[in-house]
Structures are given as structure tokens and as C-alpha cells.
Amino acid sequence: MAKIRTGRVGEQIKKELSLLIQSELKDPRIGFVTVTGVEVTGDLSQAKVYLSVFGEQEQKDNSLKALAKANGFLRSELGKRIRFRHVPELIFKIDESIAYGSRIEKLLGDIGTDKNESE
């Protein structure tokens, strides 16, 4: 039963954070950020927020710093929108899975073109 609740809470946090980052934050350091997932601990004390940031490593670092600075604002807004008794601590992490997947796809595409050229 607890896993179902943490899953629902994680999805709700993901949805609300996406809207907040997109519409409420005006920090110019935040680039094109997408919330790809949220993992909430069983006691709902922490939430790891996985982000995909479009751009170079410097842009990713700047976006993480800006989001860390806006952490208090984001938590208070989450508390208002979702009505938690205790809002989880937000831990922002870069999600490299999309970049990793596109790299694998590019490598597989390169193998396919090399194979066609040799025939």
C-alpha cells in the first residue's frame, strides 16, 4: 500500500514541478528543463527529481544551481498545490538516460551504415 502512495505522490510532484519550473521560475540560468522522473522515499521525507537539460555541461550546471537556489520557493509552492503536511526535501539530479539512449541509437545507426557500405 505504501508503494502505491509513494508512486502517486511522485507522479503528482513531477507534474506540479514541471508546471512550476515552466511558468513560475524566471531565473535566466534555467534553460530548457524537463522533469523526467521523481523518486520519493518510503517516508516521504525526500524526493529525487531527475531532470533532462538541453545544452552543454555548463548549461546543465547552471540550471542545477538555479533550481537549488529556488528549492525553498518550489517546496512552498508544492505544499500549497498538493497540500502536504510535510513537503519532501527536493534533491535535483541530471538524468543522463536520454543522452545515453540517443548515443546508443547513433552507434547502432553507424553500424547499420557501415554494414550497408561493405556489401
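Predicted model: local features only at pLDDT ≥ 70, side-chain atom pairs only at ≥ 80, totals over all residues.

Me: What makes up the fold, and in which pattern?
Reply: The protein has four helices and three strands. Along the sequence they run α-β-β-α-α-β-α.

Me: How do you know that the span of helix α3 agrees with its number of residues?
Reply: The helix has twelve residues, 71–82. The rule is 1.5 Å times one less than the number of residues.

Me: Why are some residues of α3 called buried?
Reply: Buried means under 20% relative accessible area. In α3, Asn71, Leu74, Glu77, Leu78, Gly79 and Ile82 are buried, so each falls under that cut-off. Across the protein, buried residues make up 32% of the 119.

Me: What comes just after α3?
Reply: Arg83, with a positive phi of about 65 degrees.

Me: How does the radius of gyration of the protein compare with that of a compact globule?
Reply: The rule is 2.2 Å times the number of residues to the power 0.38. For 119 residues a compact globule would be near 14 Å, but the protein has 18 Å. The C-alpha atoms fill a box of roughly 65 × 40 × 20 Å along the principal axes.

Me: What share of the contacts joins residues 24 or more positions apart?
Reply: Among contacts with a separation of 6 or more, 63%. Contact means heavy atoms within 4.5 Å.

Me: How are the charged side chains placed?
Reply: There are 20 positive and 18 negative side chains. The centres of the two sets lie 11 Å apart.

Conventions. Residues numbered from 1 in each chain as written. Heavy atoms only, no water. Helix = DSSP H or I, 4+ residues; strand = E, 2+ residues; numbered from the N terminus. Buried < 20%, exposed > 50% of the residue type's maximum accessible area, 1.4 Å probe, protein only. Lys, Arg positive; Asp, Glu negative; His and termini not counted. Charge placed at Lys NZ, Arg CZ, Asp CG, Glu CD.
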